[in-house]
Amino acid sequence: MGSGRDKRKKVKGKVPGKGAEKTAKKTEKNSEKSTRRVERKAVGGEDDIDALLAQFKLKDAQVDEVRVLEGKAPTARVYASFVPLPSQKENEVLLFGGEWYDADRDKTHVYAEIFVYNTDKDSWRQVVSPNGPLPRTSHQAVIHKGYMYVFGGEFTSLNQEKFRHYSDLWRLSLADWRWEQLPSKGGPSARSGHRMAVYKNTLLLFGGFFDTGRETKYYNDLWAFSIEELKWEALGPQPGQPAPSARGGCQLAAAGDSLYLFGGYSVLKAEPQGEGSLAKRKAKDEDNGKGVTHDDIWCLDLKSHQWERVKKAGMAPGARTSFGMVTHKRRAVLFGGILDREGQGDKLYSELFNELYQFNFDSRRWFPMVVRPPRKQQQQQQAARQEDGAEASDSGDSGTAGSQPQHGQQPQEGIRGAAAAAAVDSGEAEQQEEAKLPPRVSPEMHAILQKAMADKSSAFHRAAVRIQSRYRGYVVRKAYTAYRLGGQISELLYSPATYGIDLSAKDMIKPRARASPMMTVLKNTLWMWGGTVEIETADVNLDDMWSLELNKLDGWRCVKENSMGEEAFKDISTDEEDSSSSDSDG
């Protein structure tokens with residue numbers, strides 16, 4: 001028998017299935033088996049997360065090399081990461097992941113796409129890189145020394161009935177766009193809505209939440225990942241020491257050896273909550289717990305890892321979550337956010353913000369950031385006032401609407417943030433006393449407000465009705481004093497934030513109020529992309545782009561308008577109002 005085997009070898013050479021050939025065939029066979037398993041998993045319904053992720057893996061397996069698609073821009077989405085690329089030649093921002101809520105079909109789509117935006121050329125490109133993270137939203141990403149680090153996040157089924165949270169850590173090489181999964185053993189548990197920052201060669205992670213569908217757990221733990229040792233370390237909270245309460249949706253700002261934390265959201269009683277559809281989140285709040293939106297600020301000493309609660313000083317923003325906050329020089333810059341309030345009965349409604357604040361790291365004080373109209377617009381407004389004044393003089397009109405300020409007076413361009421806080425000229429005070437105007441409101445602005453209020457279809461009128469139905473007494477007076485708003489005491493209290501109306505300069509453009517704006521700073525310019533708004537009961541994801549020179553504050557610049565256009569927002573609002581009217585009539 002032995003000789004027979006030897007003869008066969010001599011006649012036919014090597015026996016098939018041995019050596020390198022055998023290994024190659026075995027590898028190919030195992031690959032085919034793996035593909036068939038994935039294909040079987042990919043067969044499932046819209047709420048089968050395993051099937052949805054298997055479908056993504058099949059599609060990703062078809063990509064065998066990195067490709068760059070010039071001119072390919074992202075569609076509207078929210079809860080993506082938006083981080084600056086380190087480059088001395090180009091000003092670029094990297095966008096990864098996120099989700100888009102299709103309001104027409106009530107479906108949520110989650111992405112794993114990479115896009116790069118060049119701010120100098122106003123151009124997008126998509127980078128297609130294989131073997132990367134699964135689609136995710138509400139994750140966190142930071143840039144450090146040529147890599148983007150991504151941790152956690154969640155994947156949701158199309159109907160948002162099931163969630164899967166991640167505890168994996170990835171890094172993307174910015175040199176060749178290759179993904180690499182890093183060790184996650186001994187690190188943070190799976191979560192979404194957490195926040196990350198970089199300190200020297202360490203990634204810092206705080207908070208977040210985990211939603212099983214039956215219960216939600218919020219975290220206030222603090223973690224550090226050594227980039228040099230590729231190892232996680234738990235830093236707190238330390239027993240018996242003060243620390244922020246558990247939360248998600250806050251923001252972090254690193255300054256020297258300190259890390260500041262502000263705001264966020266948590267629930268006193270466990271309830272399913274994700275950074276997905278705002279309407280579904282609130283519905284679950286009602287059934288499973290009371291939501292708490294935070295307005296506290298904390299400072300972490302990065303050497304001792306001790307938390308300290310910072311006393312609120314200056315004109316601080318109110319409680320909010322899902323806002324944007326970035327670091328610029330020795331300050332943190334905050335924009336937007338959302339606050340859920342209780343309305344009549346057991347109903348909740350969302351208040352969106354478009355205020356701009358700064359927190360000074362040295363004085364530990366909050367200040368409102370007053371954005372001035374661009375110089376060209378100021379000149380146009382001044383010319384218009386002069387023309388109005390000339391016409392009033394020719395007609396013998398002695399009214400104040402077109403009159404020019406006397407020497408030593410500041411020109412009135414609406415209710416300016418800084419000017420409103422200044423003392424009112426004695427002559428103007430007498431005019432206001434005679435007209436019985438609110439303090440620090442010019443007759444010119446009062447006339448504008450009265451005219452706007454006369455139109456019941458205007459945003460001003462809707463805002464006044466909304467505010468008057470919910471705010472009374474001390475709360476109204478306190479907020480009026482803080483924000484220096486015009487009109488009667490109970491009018492227009494929160495309307496600038498709610499409806500995107502800026503009274504600091506009547507015709508100056510600015511971003512509409514929104515939650516979860518994606519923000520970053522390149523050199524001295526703030527860049528903001530997208531976010532989400534709630535118009536009545538409809539959630540709308542945005543894809544507009546804005547920029548603001550932080551050194552000059554000379555007006556917001558709209559780089560790109562929303563794809564759906566402003567008319568679509570009006571249509572949604574009108575449809576919702578008509579629906580509400582029909583329900584009330586019935």
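How many disulfides does the count come to by the distance rule? In this predicted model, local features require a pLDDT of at least 70 and side-chain atom pairs count only at pLDDT 80 or more, whereas totals for chains, interfaces and linings use all residues. Residues are numbered from 1 along each chain as its sequence is written, and side-chain values use heavy atoms, with hydrogens and water left out.

A disulfide is a covalent bond between the sulfur atoms of two cysteines. With a disulfide taken as a pair of cysteine sulfur atoms within 2.5 Å, the count comes to 0.

Aromatic rings were examined next. Rings of Phe, Tyr and Trp (its six-membered ring) pair if their centres lie within 6.5 Å, and planes under 30 degrees apart count as stacked, over 60 as edge-to-face and the rest as tilted. A search of the whole structure finds 20 aromatic pairs. The pair of Trp-223 and Trp-232 is edge-to-face, because the ring centres are 6.4 Å apart and the planes stand at 90°. The rings of Phe-225 and Trp-232 have centres 5.1 Å apart and planes at 55°, so this pair is tilted. Phe-225 is buried at 0% relative accessibility, and Trp-232 is buried at 7%. One aromatic cluster is formed by Tyr-260, Phe-262, Phe-323, Phe-359, Phe-361 and Trp-366.

Conventions: Buried means under 20% relative accessible area, exposed over 50%, partly exposed in between (1.4 Å probe, protein chains only).
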